[in-house]
Amino acid sequence: MTVDKGNKLARVSLDNGSGEKLATDPKLDSGSQKRIGDQLRAMYDELMQQPVPDRFRDLLDQLDKNGRKGGSQ
C-alpha cells in the first residue's frame, strides 16, 4: 500500500505477496457479515446510551435559534 501525502490519496495493491492477484470484489461469508454487524450494532447501541454533553446541547440550541431567525425572513 502506498500513500501520496501531497494528494492525500491511498492506493492499495491487489497483489497478495505471492504474485497472484486478489479478487477485485472481495466478499465476506454470511457468518462473518453477521458477526461484524452484531458487533457494530452493539457498539452503536452503547454509544447511543451516552448522554449528550452540555456544550453540544448548547450548540444545538444556538443552531435552532439561528435557523428560526433565518427561516422567517
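1. What share of the 73 residues in the protein chain is buried? Buried residues make up 1% of them. Buried here means under 20% relative accessible area, exposed means over 50%, and partly exposed lies in between, with a 1.4 Å probe and protein chains only.

2. Basis of the model. This is a predicted model, in which local features need pLDDT of at least 70, side-chain atom pairs count only at pLDDT 80 or more, and totals for chains, interfaces and linings use all residues. Residues are numbered from 1 along each chain as its sequence is written, and side-chain values use heavy atoms, with hydrogens and water left out.

3. Confidence. The chain averages a pLDDT of 78, where pLDDT is the predictor's confidence in each residue, from 0 to 100. A score of at least 70 is reached by 64% of the residues. Strand β1 (residues 2-4) has the lowest confidence, with a mean of 49. Helix α1 (residues 30-48) has the highest, at 94. Where pLDDT is low, the predicted coordinates should not be read in detail.

4. Layout. The chain has two helices and two strands. Their order from the N terminus is β-β-α-α. Helices (H or I, at least four residues) and strands (E, at least two) are DSSP runs, numbered from the N terminus.

5. Annotation. The UniProt record, an unreviewed entry, gives "domain: Anti-sigma factor NepR" for residues 33-66. UniProt positions are given in the numbering used here, feature names are shortened, and annotations may be inferred rather than shown by experiment. Over residues 33-66 the chain is 85% helix and 0% strand. The end C-alpha atoms of this stretch are 43 Å apart.

6. The structure holds three salt bridges, each a side-chain nitrogen of Lys or Arg within 4 Å of a carboxyl oxygen of Asp or Glu. Asp38 pairs with Lys34 at 2.9 Å, N to O. Both lie in helix α1, four residues apart, about one turn of the helix. Asp38 also bridges to Arg41, with the closest N and O atoms 3.1 Å apart. That pair, too, lies in helix α1, with a spacing of three residues, about one turn of the helix. Lys34 is exposed at 54% relative accessible area. Asp38 is partly exposed at 34%.

7. Asp54 and Arg57 meet through their side chains at 3.1 Å, N to O. Both sit in helix α2 (residues 54-71), three residues apart, about one turn of the helix. Asp54 is exposed, at 55% relative accessibility. Arg57 is partly exposed, at 39%.

8. Surface. The accessible surface of the chain is about 7,200 Å², and 55% of it belongs to carbon and sulfur atoms. Areas come from the Shrake-Rupley method with a 1.4 Å probe; for residues, only the protein chains shown count as cover. Leu28, Ile36, Leu40 and Met43 form a nonpolar surface patch, with about 410 Å² of accessible area together. Patches are made of residues with over 30% relative accessible area and no salt bridge; like charges are joined within 9 Å, nonpolar side chains (Val, Leu, Ile, Met, Phe, Trp, Tyr) within 5 Å. Met43 lies in helix α1 and is exposed, with a relative accessible area of 57%.
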